[in-house]
Each structure stands twice: as structure tokens, then as C-alpha cells.
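Have the structure open as you read.

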Amino acid sequence: MLRLGRPDVKPTLRERDWWRDAVIYQVYPRSFADSDGDGTGDLPGVTARLPYLADLGVDGLWLSPFYRSPLADAGYDVADYRDVDPRFGTLADVDTLIARADDLGLAVLVDLVPNHSSDQHPWFQAAVAAGPGSPERARYLFRDGRGATGELPPNNWRSGFGGPGWTRITEPDGRPGQWYLHLFDVHQPDFDWTCPDVRAEFESVLRFWLDRGVAGFRVDVAHGLIKAPGLPDLTRTPEELATLPTHASPFWDQDGVHEVYAAWRRLLESYGPPDRVLCAEAWVSPPERMARYLRPEEMHQGFAFDFLGCRWDATQLRQVIDAELHTMGAVGAPSTWVLSNHDVVRHASRLGTADPGPVTGGIRAGDPQPDRALGLRRARAATLLMLALPGAAYLYQGEELGLPEHTRLPDEVREDPVWVRSEHAHAGRDGCRVPIPWSAQAPGFGFSPTGATWLPQPPEFAEYAADAQDGVPGSTVELYRAALRLRREHRLGRGRLAWVSAMSSEVLAFDTCGVRVMVNLSSETAALPDGWSVICQSGPLESADAVPVDTAVWLAPARTCG
Ligand code: GLC
Ligand code: MG
């Protein structure tokens with residue numbers, strides 16, 4: 001039984017709509033903690049570290065995929081939605097993890113990957129074997145090719161990882177045959193969501209995990225399930241697409257996705273209260289289109305990727321925050337803030353680059369290297385900003401350590417299909433997926449009992465190891481602990497933000513729940529207002545009355561003695 005909602009759990013988890021201000025920690029199981037020494041993180045490793053997460057002060061965790069998978073896209077290529085890959089553990093290990101999390105008052109969300117399966121999924125294997133026109137093929141997007149002998153792909157869509165979006169199969173009789181669509185890797189065939197089998201299957205998968213006690217789902221590529229009827233060619237150039245709403249692409253953000261989520265919402269409602277939640281991974285613009293996913297009868301949360309992709313610029317940040325709060329608020333949804341995940345350059349490194357936009361392609365040894373000190377200073381300030389905003393927030397494993405991206409990974413160890421499919425134009429996402437350093441002195445920094453790590457760690461990870469920061473005043477992990485405690489005490493996630501005019505447009509200042517937040521993005525020290533005292537600071541203050549550059553503070557009304 002889920003303890004969410006019971007009187008003995010944390011205040012944030014007691015309410016039916018606990019998710020509105022929850023802080024969820026993303027665990028990337030492969031790289032979090034390895035229990036059996038094979039160098040690959042696993043579920044028992046996660047379970048063993050749950051007390052660390054409870055102590056950090058988060059409300060729950062989201063587990064990136066641990067399902068049976070060939071790991072062609074790190075587990076986002078699922079071969080069995082109801083089983084655990086042996087490298088990550090067993091179903092019994094999931095049950096133990098959920099039970100232990102429950103004891104600690106942590107909600108567990110799992111990743112649902114409905115846009116595509118692995119090409120090793122029995123349905124895809126059956127589809128290839130069954131031949132054109134079969135009901136098995138109707139579950140995926142198989143089409144005849146163009147050209148005299150079908151030698152050309154059915155349309156001009158490209159894979160998001162690079163290369164064509166279609167691959168031609170060999171038919172059971174040995175002849176070159178139909179093509180199948182894959183918006184991502186060639187090993188990730190897209191489902192056809194107009195097929196009733198697909199809908200029924202995913203409703204069954206939702207029930208499978210809800211019955212095991214999960215509190216919700218992060219929905220992978222939530223904006224991709226439905227493709228424009230007839231699969232028309234993409235007629236826009238990349239330059240045009242950059243300025244148009246996402247649904248100008250015939251495969252993104254098509255209106256038909258919404259009825260899928262409305263059906264799922266009804267299914268989830270039958271398990272509450274407290275609410276079981278759906279969180280959309282939808283890279284959609286403008287915000288009005290994102291808000292459609294968060295209407296009361298659809299999903300609960302959707303990542304605010306505009307915030308993640310924002311430059312270190314006060315005006316832009318304020319615009320993004322306002323647009324987000326206003327647009328999601330208009331449909332009664334909270335904003336769901338995020339700064340890092342397993343797909344983008346870690347914010348401690350991103351904010352130390354010359355142009356910290358939404359860096360998704362990775363950084364290689366030959367590229368300009370981020371300024372680590374600058375990046376960390378800004379990352380800590382950005383996190384204090386995020387954790388003060390009304391709404392929910394997602395953290396990515398390691399960010400509480402201030403962990404930087406591995407920007408000098410040898411190319412030969414890269415596993416992200418982006419590296420190969422982009423023909424080495426993009427390094428890919430391995431640099432943010434490097435195993436976590438738990439212990440500065442241990443081999444593999446304590447990730448695994450043998451010291452083995454599936455990707456090499458850079459030597460500087462020693463500085464960021466959890467045990468090197470534990471209890472150390474001013475360390476990043478202690479900053480996260482303090483901020484999460486204060487956020488809960490002041491219920492900042494349920495606040496209303498009121499901007500305060502600061503002396504400079506490059507200083508963000510707002511009041512929420514009796515707390516004043518200041519973030520100094522200017523190039524000069526900013527004076528603290530009279531009558532307020534600092535309750536949390538992202539970095540050292542040079543004097544009692546000023547906020548240094550790239551620093552954030554939370555202030556409370558000063559108490560007068562007497
Ligand atoms: C999502 C995941 C990403 C994966 C892709 C394809 O964007 O976050 O890691 O590669 O979907 O499943
Ligand atoms: Mg292992």
C-alpha cells in the first residue's frame with residue numbers, strides 16, 4: 001500500500017494533489033549505484049541509497065527505464081514492458097525498492113516509453129515475420145517504399161538522432177520489403193497509436209505498474225505518439241521549424257495525442273486518492289501548446305523545458321518564468337521546473353559555457369571546455385531560484401553534488417546512439433550519464449564494490465563525491481538539503497510569486513510565502529534590502545549586506561531583538 005496521503009508521511013505527500021509541489025529526484029539506474037560489482041548500476045543499488053534520498057529531502061524519485069532491453073538507447077528501447085532487465089535486477093527487486101521507498105515516505109515514479117519499442121520486442125519480431133497487411137504489422141508504422149521497386153523511403157522524415165527516419169526490412173521470403181518508421185534509433189520502431197491493440201496494451205502496462213505500487217509515470221516523448229494522417233512529407237526547413245509551433249512537424253504535438261492521455265488520466269483516477277500522476281516529457285512550444293497536455297482531464301505535470309534551455313540572463317529567465325506560470329496556471333496546472341536530466345549537458349557545466357542555451361549535443365575534449373567554477377556558482381544560484389518557484393521540481397542525480405558533465409570522454413567508449421547516427425557531429429549524452437561518485441577515496445569513487453564503472457569517471461569527480469561533502473558547511477549537497485528543508489517549511493512550492501523591482505534589471509527579485517528571493521545575474525554586487533536576513537545562500541557573501549555576482553539568496557524578515 002502506498003503511504004502517500006497517510007497522516008504519518010511528510011506534509012507534502014499527505015495531500016491528494018501532493019504532486020503540485022513535489023520535488024522528484026531522477027535516478028538513472030545504470031549510473032546511480034552498482035550493488036553486484038559488474039560496473040552497471042542496478043535496482044538493489046538504488047534501494048541501498050534510498051536513505052540518502054530521504055535525507056536529502058526529496059519527495060520521491062523517478063526511475064529511468066530498467067525494463068528488459070538491448071540498451072540500444074540506454075533502455076529507452078524496451079523489449080518487455082513488464083519485466084526488469086537482468087543487468088538491473090528482477091521484479092522482486094522493484095517490489096523491494098518500492099516497499100523501502102514507501103517506508104521512507106518517498107513516492108516512486110517509473111518511466112513509460114509508449115512512442116516506440118525495441119526492435120527485439122516480441123510484437124515487432126512478430127510484425128516482421130507476419131508480412132505486409134497483417135494485424136501484427138498494423139501495430140507499427142510499416143509502409144511500402146516509394147520509387148519503382150519501393151527502394152526509397154515512404155517519406156522524407158529524419159530520425160531525431162540523425163539519419164533517415166525509415167529502415168527497410170527483409171521480408172520473410174528474403175526479398176527487400178516494407179519500411180518502418182523510427183523517430184529515434186533504427187532499433188526503436190514507432191508504434192501506430194491508431195491501432196487499438198497498442199492502446200489496450202499500454203493501459204494494461206499502466207495497470208501492471210500501478211498494481212505494484214508506483215505513484216506515477218514520466219511519459220517519454222509524450223508529444224510523438226500520433227503522426228499526421230497519411231504521413232505527409234515534412235515541407236519546412238529546419239530554419240522555418242525553429243520559428244514555428246512544434247506541431248508544424250507532422251510527427252510532433254499532433255492533436256490526437258490528447259485523447260490517449262485523457263484515457264490514462266481516467267485509469268489513474270481509479271487508483272486514487274491520493275493521485276497517481278502523469279508527467280509529460282514533451283518538447284513542445286509555444287507554452288500554450290504545452291498547457292494542453294496539462295488540462296484538468298489530462299496529465300498532471302509537464303517539464304518546463306524552456307526554463308532548462310534558458311540562457312543565464314535575468315530578462316529571459318523572468319520572461320520564461322512568467323510565461324510558464326501564467327500559461328500552465330490558466331489550465332490549473334502547476335509548473336514543473338527542471339534544470340538537468342539524462343539528455344542534456346549538466347547545468348553545472350552548461351552554465352559555465354560561453355553560450356549556455358539548451359546544450360543537448362554533448363561536449364568533447366576538443367571543444368571549448370566549460371569554466372567549472374563559474375558553472376558551479378551559477379548552477380547553485382539557478383537551483384536556489386528553481387526551488388523557490390511555485391510548482392513542482394525535478395532534480396537529476398548528481399546535481400545535488402554540483403557534479404559537472406564529463407566533457408573529455410574518449411570517443412571509443414561512447415554508447416549514446418546520437419554519436420554514431422549523427423556521424424560524429426554530436427558527442428551525444430554519455431557525458432551526463434557517468435556513474436555517480438559516492439566516495440572520494442574508493443576505487444570507482446564507491447559506485448561499485450569492485451570499482452568497475454560502465455563509463456570512465458574523470459579524476460575531478462573526487463572533489464564532488466558525496467562523502468566529501470556530507471556535513472561540510474557550504475558544500476553543494478548541504479545547500480540542497482537546506483534549501484529542500486526550507487522550501488518545505490515555507491511551502492514555497494505552493495506559493496504565489498510577486499516580482500519586486502530590484503535596483504538592476506539584471507537582479508531577479510520576488511516575494512513568495514513571506515520569503516524574498518534574489519538572484520544576482522549582473523556583473524556587480526547587489527545590495528540586500530533593509531529589514532531582511534539571509535536564510536539560505538547559494539555561495540559565500542563577501543559582506544552581510546550584499547549579494548555577490550552569480551549568487552542567489554533567500555531572505556526572511558529580520559527579527560528585532562528585545
Ligand atoms: C526521450 C528520452 C531520451 C530517449 C528518447 C527516445 O527523449 O529522454 O533519453 O533517447 O526519448 O526514447
Ligand atoms: Mg550491477
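## The three-stranded sheet

Let's begin with an open sheet of three strands in the order β6-β8-β7, paired antiparallel. Strands β6 (142–143) and β7 (166–170) are at the edges with a single partner strand each, so one side of each has no neighbour in the sheet. Two bridges link β6 to β8 (residues 176–181) in the antiparallel sense, and Arg143 stands opposite Trp179 in β8. As for terms, helices (H or I, at least four residues) and strands (E, at least two) are DSSP runs numbered from the N terminus, and two strands pair if DSSP finds at least two bridges between them.

## How to read the model

This is a predicted model, in which local features need pLDDT of at least 70 and side-chain atom pairs count only at pLDDT 80 or more, while totals for chains, interfaces and linings use all residues. Residues are numbered from 1 along each chain as its sequence is written, chains are lettered from A and ligands numbered from 1 in the order in which they are written, and side-chain values use heavy atoms, leaving out hydrogens and water.

## The eight-stranded sheet

An open sheet of eight strands runs in the order β11-β10-β9-β5-β2-β1-β13-β12, with parallel pairing. Its edge strands, β11 (301–302) and β12 (336–338), each pair on one side only. Strand β2 (residues 60–63) is joined to β5 (residues 107–112) by four bridges, running parallel, and Leu61 has Val108 of β5 as its bridge partner.

Moving along, four bridges also join β5 to β9 in parallel, with Val110 opposite Phe217 in β9. Strand β9 in turn pairs in the parallel sense with β10 (residues 277–280) over four bridges, where Leu278 is the bridge partner of Phe217. Both faces of β9 are covered: Gly216 and Arg218 on one side, and Phe217 and Val219 on the other, are all buried. Buried here means under 20% relative accessible area, exposed over 50% and partly exposed in between (1.4 Å probe, protein chains only).

Contact means heavy atoms within 4.5 Å; axes are lines fitted to C-alpha atoms, for helices over the stretch in contact, and angles run from 0 to 180 degrees between N-to-C directions. Helix α17 (residues 476–490) lies across β1 (23–27) and β13 (392–396), at about 165° to β13.

The 16 residues of α6 (residues 196–211) should span 22 Å at 1.5 Å a residue, and its end C-alpha atoms agree at 23 Å apart; the expected span is 1.5 Å times one less than the number of residues. Among the buried residues of α6 are Phe202, Phe208 and Trp209. Just after α6, Gly213 takes a positive phi of about 105°.

## The magnesium site

Which residues hold the protein donors of the magnesium ion (ligand 2)? They are Asp34 (OD), Asp36 (OD), Asp38 (OD), Thr40 (O) and Asp42 (OD), lying 2.1 to 2.3 Å from the ion. Donors are N, O and S atoms within 2.8 Å of the metal (3.2 Å for Na, K and Ca); water is not among the atoms, so sites may look incomplete. Along the chain, the donors follow the spacing D-x1-D-x1-D-x1-T-x1-D. Both Thr40 and Asp42 are buried.

## A buried glutamate

Glu298 sits in the loop between α9 (287–291) and β11. Glu298 is buried, with a relative accessible area of 2%. Leaving aside residues up to four places away in sequence, Glu298 touches His258, Tyr261, Ala262, Arg265, Arg292 and Tyr293.
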